[in-house]
Number of protein chains: 2
Amino acid sequence: MLFSTKAEYGVRLMVELGRQPGSQPASLGSVAEAENLPLSYLEHLVAKLRKAGLVTSTRGAHGGYRLAKPAEEITMDAVVEALEGQIAPMECFHDSPEGKVLCSHESDGDQACSTKLLWMRVQGGVTKALAGTTLAELVEFSDQSAQKRVAAIGSAA
Amino acid sequence: MLFSTKAEYGVRLMVELGRQPGSQPASLGSVAEAENLPLSYLEHLVAKLRKAGLVTSTRGAHGGYRLAKPAEEITMDAVVEALEGQIAPMECFHDSPEGKVLCSHESDGDQACSTKLLWMRVQGGVTKALAGTTLAELVEFSDQSAQKRVAAIGSAA
DNA sequence: CGCATAACCGACCGCTTCAGTAGGATTTGA
DNA sequence: TCAAATCCTACTGAAGCGGTCGGTTATGCG
């Protein structure tokens, strides 16, 4: 598996917040119930999202979480990275200060290790997919399928 | 990390075999030395590659491993999949009998879970990168950088 | 004020995988 | 026969995953 359930649960959590009308905060409890996920585990995940500045929280009664930005401005690379940590295909891959991708096997100069070409392409494919998807898209996507369900029930009745 | 060192080491191993002149078998020991990797660990990896039909082996003295097919016909999705197992972005993702990708959260009908769109795109990006890269490309890539090194040393002397 | 409701925080736990080691059995060329 | 090699199984320490639990703090409401 490329990603663990942390990404899965976390994305579902974000979508649920995105579905919330207005900017009303949703309690973790309600999210956990809606998505059928363990509340105490979600607490860990939402903490990461908060530290990454993707959600804001209000404490106390009737408190909860809401998106820190409009869903259109939240791309999924930020969400997944907040949950899973730096996204790289391989351990020896990290962003250098100049933003370039370097393999730790190329100690100095322009010497390239044999796998670099491959991981560069994989990295590109993944980040393109993640950065090219906004939370708003996922919210709309899930709304559509919900409407389908309602329509099906309606026509059956 | 998307992949473990199993993929890294395994790909390097395959490249090393691809660099071998003729169809001469290379012993694991020589590969381990060339790539500076633990021999006893490579044994596990090469076993997976052999079971996947990517390399063939000849036992006994002067034995070793060679590619089962020309490097041009070996795509990296097969290699990585042999080493890491089925490549899917998420646990709930598996190929259905008809080849379609299904999420186990959509129990029946056309109900889609909110994350499906995202993982579909990620899956597409990764498989496109892996299936679109042949072992021959990586061999050529590593040969080029080796030539660069030789040239650099030559000009320095 | 007091209480319920929530966010917060850290410790712990069983399980699986990772990365590697160890030891031996088997096959084969010289 | 011996050395070199593949092959196979079992084991291990460390780390991450997927939670659980208990407790603390903040806040709205009656």
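Colleague: Which residues' side chains meet in a salt bridge at 2.9 Å, N to O?

Modeller: This is a predicted model, where local features need pLDDT of at least 70, side-chain atom pairs count only at pLDDT 80 or more, and totals for chains, interfaces and linings use all residues. Residues are numbered from 1 along each chain as its sequence is written, chains are lettered from A and ligands numbered from 1 in the order written, and side-chain values use heavy atoms, without hydrogens and water. A salt bridge puts a side-chain nitrogen of Lys or Arg within 4 Å of a carboxyl oxygen of Asp or Glu. The pair here is B:R121 and A:E137.

Colleague: How many salt bridges are counted between chain B and chain A?

Modeller: The B:R121 and A:E137 pair is a salt bridge. The count between the two chains is two.

Colleague: What area do chain B and chain A bury between them?

Modeller: Buried area is the accessible area (1.4 Å probe) that two parts lose on being put together, summed over both. Carbon and sulfur atoms carry 68% of it. The total is about 4,100 Å².

Colleague: Which residues in chain B lose the most area to chain A?

Modeller: Three residues together make up 18% of what that side buries. They are B:M1, B:L2 and B:S114.

Colleague: Which residue has a polar side-chain atom 2.6 Å from a base oxygen of DNA strand C?

Modeller: A polar contact is a pair of N or O atoms within 3.5 Å; within protein, one must be able to donate a hydrogen and the other to accept it, and residues adjacent in sequence count only if both atoms are side-chain atoms. B:Y9 instead has a phosphate oxygen at 3.2 Å. The base oxygen at 2.6 Å belongs with B:H44.
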